[in-house]
Amino acid sequence: MALDKATIEKLAKHCEDAELQAYEITKITDDYPEMTYEDAYDIQWTARAAKEARGHKIVGMKMGLTSQAKMKQMGVPNPCYGYLADYFAYGDGAEIPYDELIHPKVEAEIAFVLKDDLSGPGCHIDDVLAATDFVMPAVEIIDSRYKDFKFDLKSVIADNSSSSRYVSGGMAKKANEVDLKTLGVVMEINGEVVQLGAGAAVLGHPATAIAMLANMMSERGEVLKAGSYILSGAITAATTVNKGDNVTVKFQDLGTLSFKFV
């Protein structure tokens, strides 16, 4: 650890204030180049605790930067995770207030809902599939608080891995009823196809990302609890949206999700 507790608390508030008030900040490592990965997650967990102290519930987790293309796009070497707070959640057909966000982008994902606890180290894909109650379509709305959506891995971890909102819907199915690796996705904005993808874009198989999350959480002595809702990471590239945009995502064998930015 390179940063002291007071600095970590200050930076957690710095990032969370930017999220809550929708303004850009410069990446933390510009001012704290000595920051470690442990510091970055300490900042994230401190902001998470602040939300809980104000009465919010943490309803799930998300994996980020889970495709080689995304890691290359953002210039980072490894995936990362963040938490999902209760007010991030929207359902199919939702109208999402655009002005609460800074420069949002949308990504198609698979959500896993657990029926059993999942813990690392040594968690692997079979453990994930055995612990999964069902999977369902989701779209994550990422919104880095960093200026121009530019960051390094430590800074984005501190900023809750760009978490902001997500939409769930479509059909829920048992994991063994769907071929998650070949599952196809089509994303449309205002009726125009903007992205195509398949489940294998997420580390070869979306459940691999969940196993990786369980192993990363174990480094902090944390467990993925039964009932957790987990976004596996992006199947499609992150696509910029604007106020007034209608987003529709069609998931093979899992139905369709639609929502609008207002």
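Helix 3 supplies three residues to the lining of the largest pocket, the largest share from any element. In this predicted model, the pocket has a volume of about 210 Å³. Its lining consists of Tyr-37, Glu-38, Tyr-41, Asn-78, Pro-79, Tyr-81, Leu-153, Ile-157, Met-216, Glu-219 and Arg-220. Two elements, helix 3 and helix 6 (153-158), each give two or more residues to this lining. By class, seven of the lining residues are nonpolar, one is polar and three are charged.

Two of the lining residues, Tyr-41 and Tyr-81, also form an aromatic pair. Seven such pairs are present in the structure. The ring centres of Tyr-41 and Tyr-81 are 4.4 Å apart and the ring planes meet at 25 degrees; because planes under 30 degrees apart count as stacked, this pair is assigned to the stacked class.

A second aromatic pair, that of Phe-259 and Phe-261, has another geometry. Here the ring centres lie 5.7 Å apart and the planes are at 70 degrees, so the arrangement is edge-to-face. The assignment follows because planes over 60 degrees apart are placed in that class. Phe-259 is buried, with a relative accessibility of 3%, and Phe-261 is likewise buried, at 0%.

Lys-154 is positioned over the face of Tyr-37, at 5.1 Å from the ring centre. Tyr-37 is itself one of the residues that line the largest pocket. A further arrangement of this kind involves Lys-105, which lies over the face of Phe-149 at 4.8 Å from the ring centre.

Taken together, the lining of the largest pocket includes Tyr-37, Tyr-41 and Tyr-81. Of these, Tyr-37 has Lys-154 over its ring face, whereas Tyr-41 and Tyr-81 are stacked on each other.

How values were computed. Residues are numbered from 1 along each chain as its sequence is written. This is a predicted model: local features need pLDDT of at least 70, side-chain atom pairs count only at pLDDT 80 or more; totals for chains, interfaces and linings use all residues. Side-chain values use heavy atoms; hydrogens and water are left out. Rings of Phe, Tyr and Trp (its six-membered ring) pair if their centres lie within 6.5 Å; planes under 30 degrees apart count as stacked, over 60 as edge-to-face and the rest as tilted. Buried means under 20% relative accessible area, exposed over 50%, partly exposed in between (1.4 Å probe, protein chains only). A charge sits over a ring if NZ of Lys or CZ of Arg is within 6 Å of the ring centre and within 35 degrees of the ring normal. On a 1 Å grid over the protein atoms alone, a cavity is a set of points where a 1.4 Å probe fits but cannot get out, and a pocket is an open set with protein on both sides within 12 Å along at least five of seven lines; lining residues have an atom within 4 Å of a point. Grid points are joined across faces, edges and corners, and a volume is the space filled by probe spheres set on the points. Helices (H or I, at least four residues) and strands (E, at least two) are DSSP runs, numbered from the N terminus. Ala, Val, Leu, Ile, Met, Phe, Trp, Tyr, Cys and Pro count as nonpolar, Asp, Glu, Lys and Arg as charged, and the others, Gly among them, as polar.
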